[in-house]
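Here is a short note to read alongside the model. Please keep the viewer open as you go through the points.

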Amino acid sequence: MTPALVLYAIFSLLPIAATFWLSFNSSAGFNTASAFVGLHNYQATAADPIVWQSLWHTFLWLIYHVVLAGGLGLALALAISRLKVTQVFFRTAFFLPHLVSLAVVGVIWANIYDPFYGLLNTGLTELGLGAFTQGWLSDPALVLFSVNVASSWQGFGLYMLLFIAGLQSIDRALYDAAEVDGASSWQKLVHVTLPGLREVTTFVVSLAMINGLKGFATVFVMTNGGPFYQSELITTYIYRLAFQSQDHGRAAVLCILLSLLAIAVTIAFNRWRTRLSR
Amino acid sequence: MLKFLAGSVAALAILAGGAVANAQTLKMWGPEQIAEPLVAELWNGIKADFEKANPGVTVEFMPPTGTISNGAVQAAIQSDAGPDVILTNSGIGRITIVRNAKQVMPLTEQYEKRGWKDQIYPWLYTELKGQFGGEIYEVPDGLDALGIWYHKDVFAAAGWEVPDTWKGFETLLAAIEAKGLQPIAIGPRTTGSAGHLFGNLLQSASGKETIGQALRKEIAWDDPKVATGAVRLQKLIEAGFIKKEMAGLDLDGASRLWFNKRAAMFVAGPWFTANARKAGYDLANAGYAPMPSDLPGEAIPTGGVGWSWLVPVNSKQPDLAMKWIDFMLSDAVMKKRAQAPASTMIYPRELKGIEPSTPVLREIFAAAAGGVGYNPSVYLPATVLDTYFQMIQGLISGQVTGAAGMQQMQAKMAEAK
């Protein structure tokens, strides 16, 4: 027990305490003498419009990720769960992107989105759909969504596997009974499959939300928060403050804010799950 | 016999121990583009010469994962497993970040002690001395000179020339666009690249003295005298001479447009020769000209200290790092680098009788011979840099006007210490 507690203290409690300490100090880096500044970092953070913008982007990012990655995972799980011979092939193929590092995913998708040479715009043009070509990473209205697609592409495979496991645990007798009652495919989906996936769905959604909150690598690689902060997330802004501007005090405040967000999301979600299971 | 053997073994052990004790490794952050064969050949040669001159020393290159601008250098130093000496993109803005974080050693004393002050241009030494109240934290390795790169064959075939006036430049841009080419490529996702074109536009519109005043906070950035360059960029975007989509490109994406001749012009410095070589571009076809200006004598490249040597405070080999810098500043090494086909920059002191290896470098050196204007990316305070780069992205993506962007710049400059 004691070694575990020591490790926990070193790797969790101590960094948490250090983050709180940093948030009340002005620090330009670990080598500098820091000075206690009270709530100054908190005030400066609250007055910074980019913080609020990145908070909103983080919220959107989370929603996009849950819907895109979670939704695609569910759709593909439903599509391939009935396959007998080819299921292993599709399961493996769809899971493969999850094995690619997010940084590499960022580079791949940045090239796909290249407005002049990218697969997406050139493909659309070749298909005679040139009117639909976009500046996927330059249009302020699109950029966050575009980057999230890349991130979700990397993530959906895991969710798909979880949904497939959930689907396999649904009692076949329920489908047989539904068929005897003359239920259509849609009715079976709505009244048998989805309720049967409730536990898995809540797990997938909570996992996707936490992954969404941790979103960083693809944004960092593909846009570095730009253009003009339009894809800035709390996480990328923390990096910008801590490692580019060496403003560790304000970065610590944002770390605390991010932690509070994660805690709030988890509590709200658990309450919702409890209500559902009643 | 046994005694003799035991004695020999002991002597060998002592010798080996001594060799181990003398063995030292100098970890060097850099050089960039070491994967390029010509660059690798040059630097491996320098490394071998240094190791030969310093028995027992091994130089280990650490390929850079980034610069001070994206926090890579700071993270490497912070790790405490990082480099002993660093070669990276510099300039006062970037140096301020690592200097304020107390991550790099002051080198002022070494300038006197080792004679470094006499091994760089006097004006450069004066400039460095004036930056941090007399304390110097960097040793310049190369200077930048940013201007317009163009394709000689494309321009010759169309009968185009880089003109002398802004009006003439706008006419040229329109002619290029009418021909179905992108007039100018830019990759502002790479922050430096955003600053290259923008700095050129500020210089062209306002001149060196005015931009210098703005950088020294003697004139506001939203003063029309300074903001004209930003308004010009806005107009170039609105006219479609620079596509808004380019806000999503990085340096590689934008240079690909230029190397493939889908773009007619690109703003870059001498270092672009390395990118061009890597892309298989025929450097004999590259032309270089400063951004046209209506102000007399202001059609000059922008630049400043482009790359410098830094010594981290946690360098495990500070003495060896100083020796390495001595070596890099020596005539032998500097001339070797200047004459090498992999040469990509203007050196920090005059190298008489040395001709750059590529014709385009000769053009760049000639354009910069009368001095260079300011590249604000190099001179702006660290706390303003991010706003500067994001503002340029905002301008290119059409999210902010030139005037409004410069107001944001001014607000940030007013906050900066």
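**Notes on the cavities and the chain contact**

1. The lining of the largest cavity has six polar, three charged and one nonpolar residue, where Ala, Val, Leu, Ile, Met, Phe, Trp, Tyr, Cys and Pro count as nonpolar, Asp, Glu, Lys and Arg as charged, and the others, Gly among them, as polar. A word on conventions: this is a predicted model, in which local features need pLDDT of at least 70 and side-chain atom pairs count only at pLDDT 80 or more, while totals for chains, interfaces and linings use all residues. Residues are numbered from 1 along each chain as its sequence is written, chains are lettered from A in the order in which they are written, and side-chain values use heavy atoms, without hydrogens and water.

2. You will find two cavities of 30 Å³ or more. A cavity here is a set of points, on a 1 Å grid over the protein atoms alone, where a 1.4 Å probe fits but cannot get out; lining residues have an atom within 4 Å of a point. Points are joined across faces, edges and corners, and the volume is the space filled by probe spheres set on them.

3. The largest cavity has a volume of about 50 Å³. Helix α17 (residues 382-396) of chain B gives the most, with four residues; helices are DSSP runs (H or I, at least four residues), numbered from the N terminus.

4. The rule (a side-chain nitrogen of Lys or Arg within 4 Å of a carboxyl oxygen of Asp or Glu) finds two salt bridges across the interface of chain A and chain B.

5. On the side of chain A that touches chain B, the largest share, four residues, comes from α12(A). That side has 16 nonpolar, 14 polar and two charged residues.

6. For the contact as a whole (heavy atoms within 4.5 Å), chain A supplies 32 residues and chain B 36 residues. The two chains bury about 2800 Å² between them, 51% of it on carbon and sulfur atoms; this is the accessible area (1.4 Å probe) lost on being put together, summed over both.

7. Lastly, the second largest cavity has a volume of about 30 Å³. Its lining includes D80(B), P83(B), N314(B) and K316(B), and divides into four nonpolar, two polar and two charged residues.

How values were computed:
On a 1 Å grid over the protein atoms alone, a cavity is a set of points where a 1.4 Å probe fits but cannot get out, and a pocket is an open set with protein on both sides within 12 Å along at least five of seven lines; lining residues have an atom within 4 Å of a point. Helices (H or I, at least four residues) and strands (E, at least two) are DSSP runs, numbered from the N terminus.
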